[in-house]
Amino acid sequence: MTSIRKPTATRSLAAALACLGLGAAGSYAAHAQETPASAAPPASVKAVERGDALYGRPEGGAAAKLAPVAGPPLATPVAKLPLDKLKVPEGFHVEVYASGLANAREMTQAPDGTLFVGTRTVGKVYAVLPQAGQDGKREVKTIATGLHRPNGVAFHDGALYVAELSKIWRYDDIANHLDGAAKPVLVYDDLPKDEAHGWKFIAIGPDNKLYVPIGAPGNILVPPDTHAQIRRMDLDGKNAEVIARGVRNTVGFDWNPKTKQLWFTDNGRDWVSEDIPNDELNVITEPGKQHFGYPFCHQGTFTDPEYGWGHSCSEFTAPAALLGAHTASLGLRFYTGTQFPDAYRDAIFVARHGSWNRTTKLGGDVVMAKPGSDGRVAAVEPFLTGFLQDNKYVGRPVDVLVAKDGSLLVSDDYNGAIYRVSYGK
Amino acid sequence: MGGIQRAIRGPATALGTLVAGAALAAPDAAMQERLAPCIGCHGNGTSETEGVPSLGGQLPDYVVTQLFQFREKQREAPPMNDVAAGFSDDDLRAYADAVATLPPPSRSGTPADPALADRAQALVAKHQCTSCHGSDLAGRDAIPRIRAQREEYLAKALAGYKSNARPGYDPAMNEVAQGLSEADIKDLAAYVSRL
């Protein structure tokens, strides 16, 4: 655990509860009344009842105005994309790479530059051809339709792996099957069917194994043994094993190019407070042995108001960095290119989709976690901003990807677009 | 429903030309023309046809999402899948904007009796319906208005979410509905339709 920096508590739970404006004692009492006293039973019925994203919401006027809202099913026309609002550091340039990909989510790129993009709400997987046409636009092909929340995509050895909510498929020789007629091979389906946190980010590691997360089936509950974890398996779906537990919902991970350790984002629970918990940036240093805290400990610093009793955060692996309260930190990649200045080498880019569980929205940007000389995270800084305007989203970043040319691609599911951030030129 | 012609169900009707007798909320002739086949089945804001929802008072973000789901066959609801099959994205937006001009449905029938109201209000609180649908259940953004919707339509929608026969655009309702019993669904539909 030497490479993990233990985050400092920004504020105590009592102080955070006081932020609700209700007073800590009153606030907790109200919460306790609406949640059953028994903490343990992982019976499936119980878990399903708690599958509601709003479970755990306190009574109260301001809280009643907060709810997750999915983005539109139609892509924004290119002329109406919020490009003029987007900001990048000096020397960088942001442009529209592709548009017309409604609900664009996870991205993966083939060696020939073809970009594959999954979706969460429209059932489609897209391929963006690498060469722009004479009109400057890249052709977008729909290579699959009618899938159930095909959020996850991973290209490997000529094949495209696609993760639906409860099935993972492999499309062989995908480069020659971009017309949408390809028949996939089932790789793995020993997965729960819960809708809550059921959509998946997937990736194939340097160990040539497929990594698959399974989120908690609700906001806050004691998850069944099959949930709130990351699994890895052989590329044919065999020999699956759990490599991390206590993971509420990760929708982004990548491997440190130097240590080969897996770093992942994890979305914190809702409804404790406007200001806590933070989403987490975590590192797996001992596969199969670490528990990252959910539902007992959040952000490495405080125990859950309901499930934390009898536990201490010292029982669990603390995050390497905190990513902001309710920011919905999703896609994550190490910068392995050479186009950006040296300071960006091996930095971690994180797409923060943006909060819904806060009155004043937070996130809606791409941040950079800078590694210090000791390998720890030295600072988390803004990189691509401007999606949040006057407490409203004009776009919502989902995933980041270091393109073959060293530029950074960013998907936006609200507008159905891909942006490209480049340096120089 | 004043002078609105009583709708006849079926795809031919939905696609056909219909006479809308009452004054429309739509501001121009093009929108009236676009709305005519919709009104044929759905009524001028208030549906009088069993199984066919009232569309009045729905916001364009919700309507465009449903039309999209019909076109993509994510939501099976004949004849709407055939109706929407040939629509372009611009068509979806135009129809959604037009439908959003229809006046909110008016409640018909007797109000909920006190025992039903008590049971249903407890369910509304427990499942936090107002958090997304608004304090008066009139909807917002892409979340539908459900107050004064047709009772049998509400019951069917909730049952569809519970069985996952109707996968929501966002899975929120599929999650919520898992905790509803058949009796809960009956009570909620009866109560909300009478608001």
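**View 1. A:Ala104 stands opposite A:Thr119 of β3(A).** The model is predicted: local features require pLDDT of at least 70 and side-chain atom pairs count only at pLDDT 80 or more, whereas totals for chains, interfaces and linings use all residues. Residues are numbered from 1 along each chain as its sequence is written, and chains are lettered from A and ligands numbered from 1 in the order in which they are written. Strand β3 of chain A comprises residues 115-119 and is joined to β2(A) by four bridges, the two strands running antiparallel. Strands (E, at least two residues) and helices (H or I, at least four) are DSSP runs, numbered from the N terminus; two strands pair if DSSP finds at least two bridges between them.

**View 2. Four strands of chain A form an open sheet.** The strand order is β2-β3-β4-β5, with antiparallel pairing. The edge strands of chain A, β2 (104-109) and β5 (138-144), each pair on one side only. From one strand to the next, the twist averages 25°, with axes fitted as lines to C-alpha atoms (for helices over the stretch in contact) and angles running from 0 to 180 degrees between N-to-C directions.

**View 3. Chain A is in contact with chain B.** The contacts involve 20 residues of chain A and 23 residues of chain B, two residues being in contact if their C-beta atoms, placed from the backbone, lie within 7 Å.

**View 4. Chain B contains 10 helices and zero strands.** Along the sequence, its pattern is α-α-α-α-α-α-α-α-α-α. Among the contacts in chain B with a separation of 6 or more, 64% are between residues 24 or more positions apart.
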